[in-house]
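Please read the points below alongside the sequence and the model.

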Amino acid sequence: KLVRNLSMSMSIGSPLPRAPEHGDCVYLDYQATTPVWPEVAAAITPYLTHHWGNPSSGHAFGRPCGAAIGQARAAVAELIGAEPSEICFTGCGSESDNFAIVGALEMEEARRRGAGGAALPRPHVVASNIEHPAVELCIEALCAAGRLEATYVPVDEEGLVSAEAVAAATTEQTFLVSVMHSNNEVGSVQPVRQIADAVRALRPSVLVHTDAAQSIGKVDVDTRALGVDLLTLVGHKFGAPKGIAALYIRSGLALPRMIHGGGQESGRRAGTECTPMVVALGTAAAIARAEAAPLREHMRRTRDALESALVERLPAGSTRVNGPADASRRLPNTLSIGLRDVRAAELLETLSERLAASAGAACHANAASVSAVLRALRVPPEFAVGTLRLSTGRHTTLEEVALAADLIAEEARRQWGQGDGAAGKVSDSGPS
């Protein structure tokens, strides 16, 4: 009902209309954010112009909004194999991650108070060492407040964490394991189901959370198949606008209120719902489900074409793909590629009017600070400083991929020809 009369596969691979300010800039930064799909923009327009009532109201102005929110909730649930009652809408992925971690901790603290466990060691959480800052910094803040202890399990050189290592890191005080479904920089897809099984074989009461922000719309994400209790998804990573996300909360899990007030979102998150944004998320979810197979093939084809084009245009030994060697264990749209002795941040700044992408290091004067993820993967410094994160998507064309490869190769050769041929001193301080 949210998406009517759409020939969805016709949109895959078709370029979007450009704003004049964008010129001929090639967009290869789909991991940062996607465009709003045209179908999504069309679907929300009536809820900006005609259906503006309060969705909690029972009159003629409110009922269409309440019905649309119900349809969107069902569409999101269907996409991830959940029930509509298990979907809690939020404002962003960081909010969902914080809600999951803080809510699980408050449940554990309440359990301990009820059991008279004030003298117990602090509650304990396990995460990987390449989590998104929304997870990592939330955990660190709780640790600094004296409410939590944390263990970060290192990934291997391909960016993958071992299920056995995660389980072994748990203790009698562990109440939560949070491991991202896929990494936003190198695209490594984690063995979340195996992690959940291994953890529960040792400690059945431990909750499992996964941040699936980068995975939705790119690979299968099914909450039942994954065996998770909590899952984060984010609208602007798969065709909805910024400002709308969701947290899957397994049925029967009594996560405390995040925002006190009205009874919205089953009493968990007070505040009048933003109908247009919720409709946008539901529409994007319906599109992701309908387009799953052809979209993934398109992303894989454009990603592989980009990798091949760069390898062909650059000298042998000058490139290094970061992440899993087995491409099936990477997101189909993601290419993290290091260019030996190239300053990636400088390259992208030079090309900023012609190419939109992200770098794996930030340059400051004569030094470069390499991202925590690349350090965790132990990427050699000469490649880490030259790492580009290139990500294709629904509206990427093969012509754009070829042009991007030309631009990158030309600028890399220009840097190599400057005489210094070096990335400068490498800092371990991390990106700014």
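How do the residues of the lining of the largest cavity divide into nonpolar, polar and charged?

1. The model is predicted, so local features need pLDDT of at least 70 and side-chain atom pairs count only at pLDDT 80 or more, while totals for chains, interfaces and linings use all residues. Residues are numbered from 1 along each chain as its sequence is written, and side-chain values use heavy atoms, with hydrogens and water left out.

2. The lining of the largest cavity divides into nine nonpolar, five polar and four charged residues. Here Ala, Val, Leu, Ile, Met, Phe, Trp, Tyr, Cys and Pro count as nonpolar, Asp, Glu, Lys and Arg as charged, and the others, Gly among them, as polar. A cavity is a set of points, on a 1 Å grid over the protein atoms alone, where a 1.4 Å probe fits but cannot get out; lining residues have an atom within 4 Å of a point.

3. The count comes to one cavity of 30 Å³ or more, and the space in the largest cavity is about 120 Å³. A volume is the space filled by probe spheres set on the grid points, which are joined across faces, edges and corners. Of the 18 lining residues, Trp37, Gly217, Lys237, Phe238 and Leu295 are the closest to the centre of this cavity. Helices H8 and H9 (292–313) are the elements that give two or more residues to the lining, and H8 supplies the largest share, three residues.

4. Helix H8 (residues 275–290) also packs against helix H2 (residues 63–79), at an angle of about 35 degrees and with the axes 8 Å apart. Helices are DSSP runs (H or I, at least four residues), numbered from the N terminus. Axes are lines fitted to C-alpha atoms over the stretch in contact, and angles run from 0 to 180 degrees between N-to-C directions. In this contact (heavy atoms within 4.5 Å), the H2 residues include Ala68, Ala72 and Val76, and the H8 residues include Val278, Gly282 and Ala285. The contact residues comprise twelve nonpolar, two polar and two charged.

5. The salt bridges number 26, each being a side-chain nitrogen of Lys or Arg within 4 Å of a carboxyl oxygen of Asp or Glu. In one of them, Glu108 pairs with Arg112, with the closest N and O atoms 2.8 Å apart. Because Glu108 and Arg112 are four residues apart in helix H3 (residues 93–114), about one helical turn separates them.

Key. 1 Å grid on protein atoms, 1.4 Å probe; cavity = no way out; pocket = protein on both sides within 12 Å on 5 of 7 lines; lining within 4 Å.
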